[in-house]
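The sequence and the structure come before the discussion.

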Amino acid sequence: GSRIRYGPHILTGPVYINGAEPGDTLEVQILDIDLRVPYGVNNTSPMGGVLSTAYPGFRPGDPGLPTIPPSGTIPGVRQHLYRVAKVRGRDVFPVSDTIHVPSAPFMGTIGVAPATGVLVDSFPTDPNVFGVQSSWPPGPFGGNFDLKDMTAGTTLFLPVFQSGAQFFTGDCHSAQGDGEVSGTAIEHSLSGVFRFIVHKGQTLDFPRVETKTDYIIMATDTDLNRAMRKATLAVVKFLVTEKGLTEARAFSLASIAVDFHAAEVVDY
């Protein structure tokens, strides 16, 4: 039979926001994110990420890999432990003597309760379990974006679909590259401080992020080509509605000044 995958993420919520109702926008100001412990873990395996059968240890003749746990339910997993070090006053994760990855903590999953009856599932063939939402794929409600730019000092805008918005967050990361190609970042225990502002009667098609220097317009799809097209259309709409450009001029600006990134490619 088909698998039901609700998702493995450790999440905090729901947090009910007074006055937030469907059709509103919830502004989430990310005020602070701190490391709770001085270490984090990254996993690599044939079951996660983008390499699949090209993963070292999967192919015939490759050295065998350890199995965690010993029962064999998750074969071929390598766990990479990274400890925080202080180098020139900055927190980093030493990968080797000459490679240090800066600590940049953020919440990989952050969002609100999705619309009633709309199930965003990891696998289209899975049975739809009423009232249960997988934590794997993101959607218009937010969720598992794994967007490394959402560090302290940034602001997330989320469309509200349920009374009280029902904010949740977790899946904490202390460092990640765009793509998150192994399937995990440095998974780390974090604590966050957030401020909520409700914008009545203002709604969004999809969440948006603002940093001190950039607008980040997001889109998702099970196909990267479709996701790219959705993101481009969302950028054009933003430039038309928020900046007063024509569609043609907005499309031109999207090509000459807008950077398009794949925040992660492993949720679907």
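## Backbone geometry

Arg88 is exposed, with a relative accessible area of 83%, where exposed stands for over 50%, buried for under 20% and partly exposed for what lies in between, computed with a 1.4 Å probe and protein chains only. The residue sits in the loop between strand S5 (85-87) and strand S6 (90-94), and Arg88 has a positive phi of about 50° although it is not a glycine. Helices (H or I, at least four residues) and strands (E, at least two) are taken as DSSP runs and numbered from the N terminus.

Gln166 also has a positive phi, near 65°, in a residue other than glycine, and this residue belongs to the loop between S10 and strand S11 (167-175). With a relative accessible area of 18%, Gln166 is buried. A further backbone feature is the cis peptide bond from Gly13 to Pro14, with omega near 0°, and Pro14 is part of strand S1 (residues 11-15).

## Basis of the model and overall make-up

The model is a predicted one, in which local features need pLDDT of at least 70 and side-chain atom pairs count only at pLDDT 80 or more, while totals for chains, interfaces and linings use all residues. Residues are numbered from 1 along each chain as its sequence is written, and side-chain values use heavy atoms, with hydrogens and water left out.

The chain has two helices and 15 strands, and buried residues make up 38% of its 268 residues. Of the contacts in the chain with a separation of 6 or more, 75% come from residues 24 or more positions apart, a contact being heavy atoms within 4.5 Å.

## Aromatic pairs and a charge over a ring

Rings of Phe, Tyr and Trp (its six-membered ring) are paired if their centres lie within 6.5 Å, and the planes count as stacked when under 30 degrees apart, as edge-to-face when over 60 and as tilted for the rest. By this rule there are four aromatic pairs. The ring centres of Phe145 and Phe206 are 6.0 Å apart and their planes stand at 65°, so this pair is edge-to-face. Phe145 lies in the loop between strand S9 (142-143) and strand S10 (155-159), and Phe206 in the loop between strand S13 (190-199) and strand S14 (208-210), so the pair ties together parts that are 61 residues apart in sequence. Phe145 is buried at 5% relative accessibility, and Phe206 is buried with a relative accessible area of 18%.

Tyr215 and Phe238 form a tilted pair, with 4.9 Å from centre to centre and 55° between the planes. This pair links distant parts of the chain, since Tyr215 belongs to strand S15 (residues 215-217) and Phe238 to helix H1 (residues 224-243), 23 residues apart. Tyr215 is partly exposed, at 44% relative accessible area, whereas Phe238 counts as buried at 9%. Phe167, Phe194 and Phe196 form one aromatic cluster. Arg208 lies over the face of Phe157, at 5.4 Å from the ring centre; a charge sits over a ring if NZ of Lys or CZ of Arg is within 6 Å of the ring centre and within 35 degrees of the ring normal.

## Packing of the two helices

H1 and helix H2 (residues 247-257) pack at an angle of about 125°, with their axes 9 Å apart; the axes are lines fitted to C-alpha atoms, for helices over the stretch in contact, and angles run from 0 to 180 degrees between N-to-C directions. That angle makes H1 oblique to H2, given that under 35 degrees counts as roughly parallel, over 145 as roughly antiparallel, 65 to 115 as roughly perpendicular and the rest as oblique. Residues making the contact include Val235, Val236 and Leu239 of H1 and Ala250, Phe251 and Leu253 of H2.

His188 is located in the loop between strand S12 (186-187) and S13 and is buried, with a relative accessible area of 6%. The C-alpha atoms of His188 and Asn42, which are 146 residues apart along the chain, are separated by 9.1 Å. Not counting residues up to four places away in sequence, His188 touches several residues, among them Leu35, Tyr39, Phe93 and Cys172.

Lys148 lies in the loop between S9 and S10 and is partly exposed at 31% relative accessibility. Leaving aside neighbours within four places in sequence, Lys148 is in contact with Phe106, Gln176, Gly177 and Asp178.
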